Amino acid sequence: MLYAPGRSAVVGAKLLATTVSGLVFGGAAVVCSLAVGHAALAAKDSGLTVDGSTWTTAAAVLTICTLAGPWGAAIGFVVRNRLAAVLGLVVWGTLGQVLVLGQLPELGRFLPEGAQFALLGDASGFPDALAAPYGLLLLVGWTATMSLAGTRLFTHRDV
């Protein structure tokens, strides 16, 4: 007899796989950024200063990339059409978030992009951002909410 996992097991496996791939991608991004920075500064006979701020930003980038994997997979579970999902994310990323963050910062600070700005801790990019710990909680909350919605919709829809 063959084993056929239920849909929720498939969703769980995909969310886990995308979390791990986000972690690997984030780690590669941090390592490559440090290597390029070191090489660029070495070419100018200068050194790369790695301090607490550098490691805080690196941890924020790693966290954001790790959570971006399941966020994207969950959007794929909610929006069944791949083209619509990708186009929706591109339009939102290039136009929607700019409009909301720029015109309604008191609302934008609670959206995923506002949470990312909070986690990065760069007040020059978005001065209305929450404090970093609240941004982390908000980003985890958005990812968990979208993952639960994606799981529910995927397990209750026809294939």
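A charge is said to sit over a ring if NZ of Lys or CZ of Arg is within 6 Å of the ring centre and within 35 degrees of the ring normal. One such case is found here, where Arg7 lies over the face of Phe154, at 5.7 Å from the ring centre. The model is a predicted one, in which local features need pLDDT of at least 70 and side-chain atom pairs count only at pLDDT 80 or more, whereas totals for chains, interfaces and linings use all residues. Residues are numbered from 1 along each chain as its sequence is written, and side-chain values use heavy atoms, with hydrogens and water left out.

Consider next the chain as a whole, which has six helices and zero strands; here helices (H or I, at least four residues) and strands (E, at least two) are DSSP runs, numbered from the N terminus. Read along the sequence, the pattern is therefore written α-α-α-α-α-α. Along the principal axes, the C-alpha atoms of the protein chain fill a box of roughly 65 × 45 × 30 Å. Of its 159 residues, 24% count as buried, a word that stands for under 20% relative accessible area, while exposed stands for over 50% and partly exposed for what lies in between (1.4 Å probe, protein chains only).

Which residues make up the largest nonpolar core? The six residues are Ala60, Ile64, Leu67, Ala115, Leu119 and Leu139, and such a core is a set of buried Ala, Val, Leu, Ile, Met, Phe, Trp, Tyr and Cys residues joined through side-chain atoms within 4.5 Å. Two or more residues of this core come from each of the elements α2 and α5 (112–120), and α2 gives the most, with three residues.

The structure holds three aromatic pairs, where rings of Phe, Tyr and Trp (its six-membered ring) pair if their centres lie within 6.5 Å, and planes under 30 degrees apart count as stacked, over 60 as edge-to-face and the rest as tilted. Phe77 and Phe154 have ring centres 5.0 Å apart and planes at 50°, so this pair is tilted. The pair links distant parts of the chain, since Phe77 belongs to helix α2 (residues 52–78) and Phe154 to helix α6 (residues 132–156), 77 residues apart. Phe77 counts as buried because its relative accessibility is 7%, whereas Phe154, at 26%, counts as partly exposed. Another tilted pair is formed by Phe117 and Phe126, with 5.6 Å centre to centre and 35° between the planes. Of these two residues, Phe117 is partly exposed, with a relative accessible area of 26%, while Phe126 counts as buried at 5%.

Turning to the surface, Leu41, Leu48, Val50 and Trp55 form a nonpolar patch with about 340 Å² of accessible area together, and Trp55 is found in helix α2. Also in helix α2 is Thr56, which is exposed because its relative accessible area is 52%. Thr56 and Gly121 are 65 residues apart in sequence, yet 8.9 Å apart in space, C-alpha to C-alpha.

Where is Asp45 found? Asp45 is in the loop between α1 (7–43) and α2, and it is exposed, with a relative accessible area of 76%. The phi of Asp45 is near 55°, a positive value in a residue other than glycine.

For the patch described above, the rules are these: patches are made of residues with over 30% relative accessible area and no salt bridge, with like charges joined within 9 Å and nonpolar side chains (Val, Leu, Ile, Met, Phe, Trp, Tyr) within 5 Å. A salt bridge is a side-chain nitrogen of Lys or Arg within 4 Å of a carboxyl oxygen of Asp or Glu, and accessible areas come from the Shrake-Rupley method with a 1.4 Å probe, where for residues only the protein chains shown count as cover.
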